[in-house]
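Hello,

Here is the structure I promised to pass on to you.

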Amino acid sequence: PKPKLTDEDALSRVKPNVNVQENHLALIHNQLGEEVLCYEFYGVLDDNTYRIFINAQNGEEEIVEKLPNPEIVYDY
């Protein structure tokens, strides 16, 4: 389906204290197993990275995932 919301509309649904780094459209399965067109946002809050899916049709928050912190690489 074609999104009803623009990426700016969807971004306005993300909490303002999240520093959004990038976004794209994504087709996901929600918690009910239904396919949903979403805007996928990657953002940082308090040294943690999150992936946030906002429904592109109605602006509802579908899923928020905290991503694992990257490994610290030591250069010896």
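**What I found**

C38 has N55, in strand 3, as its bridge partner. A word on the source before going further: this is a predicted model, in which local features need pLDDT of at least 70 and side-chain atom pairs count only at pLDDT 80 or more, while totals for chains, interfaces and linings use all residues. Residues are numbered from 1 along each chain as its sequence is written, and side-chain values use heavy atoms, with hydrogens and water left out.

Back to the strands. Strand 2 (residues 35–45) and strand 3 (residues 48–55) run antiparallel and are joined by eight bridges; strands count as paired if DSSP finds at least two bridges between them. Y42 is bridged to R51 of strand 3. These two strands make a hairpin with two residues between them, and D46 in the turn has a positive phi of about 50°.

Now for the whole chain. It holds one helix and four strands, in the order α-β-β-β-β from the N terminus. Both kinds of element are DSSP runs numbered from the N terminus: helices are H or I with at least four residues, strands E with at least two. The four strands form an open antiparallel sheet, ordered 1-2-3-4. Strand 1 (19–29) and strand 4 (61–67) are at the edges with a single partner strand each, so one side of each has no neighbour in the sheet. From one strand to the next, the twist averages 20°, an angle between N-to-C directions on a scale from 0 to 180 degrees, with axes fitted to C-alpha atoms.

Strand 1 and strand 2 are also antiparallel, with 10 bridges, and I28 is paired with V36 of strand 2. Their hairpin has five residues between the strands, and G33 there takes a positive phi near 85°.

Is N30 buried or exposed? N30 counts as buried because its relative accessibility is 12%, where buried means under 20%, exposed over 50% and partly exposed in between (1.4 Å probe, protein chains only). A polar atom of the N30 side chain lies 2.9 Å from the backbone nitrogen of L32. Leaving aside neighbours within four places in sequence, N30 is in contact (heavy atoms within 4.5 Å) with V36 and E62.

Lastly, buried residues make up 30% of the 76 residues in the chain.

Best wishes

Methods:
A polar contact is a pair of N or O atoms within 3.5 Å; within protein, one must be able to donate a hydrogen and the other to accept it, and residues adjacent in sequence count only if both atoms are side-chain atoms.
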